[in-house]
Structures are given as structure tokens and as C-alpha cells.
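Here is a short tour to follow with the model open beside you.

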Amino acid sequence: MLTKPSRIIALCSVANFINSADRVIMPIAIVPMAQEFHWDLHQRGWVLSAFAIGYMSSQVVGGSAAKRYGGKKILSLAVILWSISTLLVPLFAHSLTMLVLSRVILGLGEGLGLPTIFHIFSHVIPCEERSRAFGYLIAFGSIGQTVASLVCPHLSWPWMFYLFGMMGLLWVVVWHMMYTETRGTLDEEFVDPPKVSNSNVRWLEFVIHWPLWSIYIAHFSMNWSNYIIMQWLPTYLSSSLQANQANMMFTAVPYVMNSLISVVAAHFADDLIARKWTVLSVRRLMTSIGLLGPGLFILFFSAVYNFPLSVLFVSISLGLSACNSSGHLSNHAEVAPNHAGITFAISNTLATIPGILCGPLTAELVTQSHGRWFPVFVIAGGVNFVGAVIYLSQSAASQVL
């Protein structure tokens, strides 16, 4: 029988599996959809980036609503919203405007999800298990992307959306049957009560502390390169390396690497803390690996035009990025245990800006560079390096909120 923390980790990880799978469907489906509906590169860019507009808009709402109404209700609402919008894509695909709208709604639902899960984890997961909790959460997200990357090329594009949309609705039923929420007078009860319980905090407090900004900037940097890979890898492999539809299965390899490294890094980080490393040292180490490594290997990826080497380098890049789950992503529950859902929501809102920019900006850079992708990857690597330096110099592991 699973303990309550283990059961919650499992349920939330499966939710993130579905969440992440739903994001990968469109970058794969857009290749046959663009051929069927005759979309140019800029139109494809807006379809891909529309998700990020909705995603960014609902982050803070998710963190605040979970604190007020409870994680169980808000996470249920989130999964229902993103599952229905996924199911509706084939119905809306004939109209670019309606398709962009459905992508925005998908983003709104998914934007509620992770801040709510961070809120739940900060309340029910003990500190010594936190790296593993976030590690499995991120790993299951990568597994979801892997499964979608493997399964979707074998389906007609409408069934890509039907399959994962129905999976989300089934999860909601299981969630309501298996999760019981324990609430105090104002909020859910903590398994490890914070040193300072400050429920009334000015909104300005969330943006005036450098330890929080170091997390926000590290998250932004991580997402810049991750969105490039997630949104454009199938298109890049198809246009620059002449990969065919069968080769698109190899886009699953980076997500396999990400999920494996996420679990290994999580256990490694918790083991270091058990060996009396300071929490701050562990968070900085894992974030350094998670930003500097991907920045370096995405530059290697940009320099080769051999298909196997390209897949290898981009897989190592996305794989090492998983170390961030035991780094800055776990740091929220330490610097703001009372408000981890909200701080993550702010962080993820800022970190969604790359998702909005990467679609049209990548299309413009490639067009202006006459089909060359090198500037896209150089910028991504540089952003990672800057984020690592700021996190190393400004991060903390003591409570600031």
C-alpha cells in the first residue's frame, strides 16, 4: 500500500504525463496538418505559440486559486479544461482562428496545473523527499512526451488528439477516487510546517527578493532552449536533415534521456542532502548542470548535419536539463513554503515568454538567415549560460516569504 505522499506523487506525475503529452502532439501533427491546410512557416509558428499565450495567462490564477479553494478542485478543473480543448482540435482545424483559440484554451488549462501541483507538494511532501517528488514529476512529463512522440507518428493526426484527450478525462475520475484533501481553517495542512507562517503577503514581496529572481531567471533560461527543442525539433529535422515521417520517432529519444536523468538526478540530490551537503549547495550544483550542460550541447547540435549525431547531442542537451528539477524547481518550497504555488506560477509565467517568442522569432530568424538555424541555437545557448551565472550568485535555500 502506497503512503499518502507516494500516492500523491504518483497521481500528480501521471497528470504531468498527460499534460506533457498534450504539448508534444501539435509539433508532430502540424507537419501533416500544414500540408493538408496549406500553412506557411509563419502560420505554423502562431499555431505553436498560441498555447504559450494561454499558458502564461493562467499561471498566477492557478497558484492563488489552489491556495484558496484547495489543490484537488483546481487540479481537476485544469485537467478537464486541457483535455476537452485537446479533443476539440480536429473539429477546429479547418479554421486557423478557431485552432489558435483552442490552443490558447489548452494553455489556460495546463497553466493551472503545475502551480497547483507545486502547491500540493509544498504541503504534503517532506523536505527529504522533495527532490525525488519533483524528479518523478518531471520524469513522467518527459515519459509523456516520449510516448506521444512514439505513438503519434503511427496515428492519423485527428486520433493523436482524441487519444490523449480521453486519457485526461479518465485521470480526473481516478483523482477524485484516490485523493483526499486535508484542510485547516485557511489552507491545506503542512506535513512539515514552515518556520514562519505568513499567509498575508503583499504582492510586491514576490518580486523584490533576489533569491526568488534567481529562480525566475533560471527557469526562463531553461525554458528558452526547451521550447526551441519541443516546438521546432520535428521541423528542423525535416527541413535541414531531410528526416522522413519514420525518422520522427527519434524525436522521442531526447525525452527518454530527460526522464531517465530526472529520476537519477533526483535520487542523487536527496542522497547528497542525506550526506549533510547543504540544501543550497545541492540546488546550485544541480542547476549548474541543468543549465550549462544543455547550453553547451545545443551548440554542438547546431554545428553538425549528421542525423545520428544531431539526435545524440539534442538528447544530451534535453537530458541534462532534467537536473533542474532537483535544482531551482525544488527551491520554491524552501524559499517560499507558504506560497510555493504562487512563486512557481510567477516563475512559470515569466518562463512561458520563450514559448510565445520562440515560434515567430525562430521563423523570422530562419527566414532572414536564408534557412540557417545556427542563430536560433546560439541565442538559446547564451541564455542558458547567463541564467546559470545569475542563479549561482543570487540563490538561497532559507525562507524569504
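## A pair of helices

Helix α9 (residues 210-240) and helix α12 (residues 307-321) have axes that come within 11 Å and cross at roughly 155°. That makes α9 roughly antiparallel to α12. Helices here are DSSP runs of H or I with at least four residues, numbered from the N terminus. The axes are lines fitted to C-alpha atoms over the stretch in contact, and angles run from 0 to 180 degrees between N-to-C directions; over 145 degrees counts as roughly antiparallel.

Where do α9 and α12 meet? From α9 come M222, N226, I229, L233 and L237, and they meet F307, V314, S317, L318 and S321 in α12. Contact means heavy atoms within 4.5 Å. Sorted by class, this contact has seven nonpolar, three polar and no charged residues (nonpolar: Ala, Val, Leu, Ile, Met, Phe, Trp, Tyr, Cys and Pro; charged: Asp, Glu, Lys and Arg; polar: the others, Gly among them).

## About the model

This is a predicted model, in which local features need pLDDT of at least 70 and side-chain atom pairs count only at pLDDT 80 or more, while totals for chains, interfaces and linings use all residues. Residues are numbered from 1 along each chain as its sequence is written, and side-chain values use heavy atoms, with hydrogens and water left out.

## Two buried residues

Look for T362 in helix α15 (residues 353-368). T362 counts as buried because its relative accessibility is 2% (buried is under 20% relative accessible area, exposed over 50%, partly exposed in between, with a 1.4 Å probe and protein chains only). A polar atom of the T362 side chain lies 2.5 Å from the backbone oxygen of C358. Leaving out residues up to four places away in sequence, T362 touches I228, W232, L357, W373 and V376.

I342 sits in helix α14 (residues 340-350) and, at 7% relative accessibility, is buried too. I342 and G62 are 280 residues apart in sequence, with their C-alpha atoms 7.8 Å apart in space. Beyond four places in sequence, I342 touches G63, S64, K67, W203 and F206.

## Two loop residues with positive phi

Most residues other than glycine have a negative phi. H38, though not a glycine, has a positive phi of about 60°. You will find H38 in the loop between α1 (4-37) and α2 (41-57), and its relative accessible area of 67% makes H38 exposed.

K276 also has a positive phi, near 80°. K276 belongs to the loop between α10 (253-274) and α11 (279-303). Buried or exposed, which is K276? K276 counts as exposed, at 73% relative accessibility.

How values were computed: A polar contact is a pair of N or O atoms within 3.5 Å; within protein, one must be able to donate a hydrogen and the other to accept it, and residues adjacent in sequence count only if both atoms are side-chain atoms. Angles under 35 degrees count as roughly parallel, over 145 as roughly antiparallel, 65 to 115 as roughly perpendicular and the rest as oblique.
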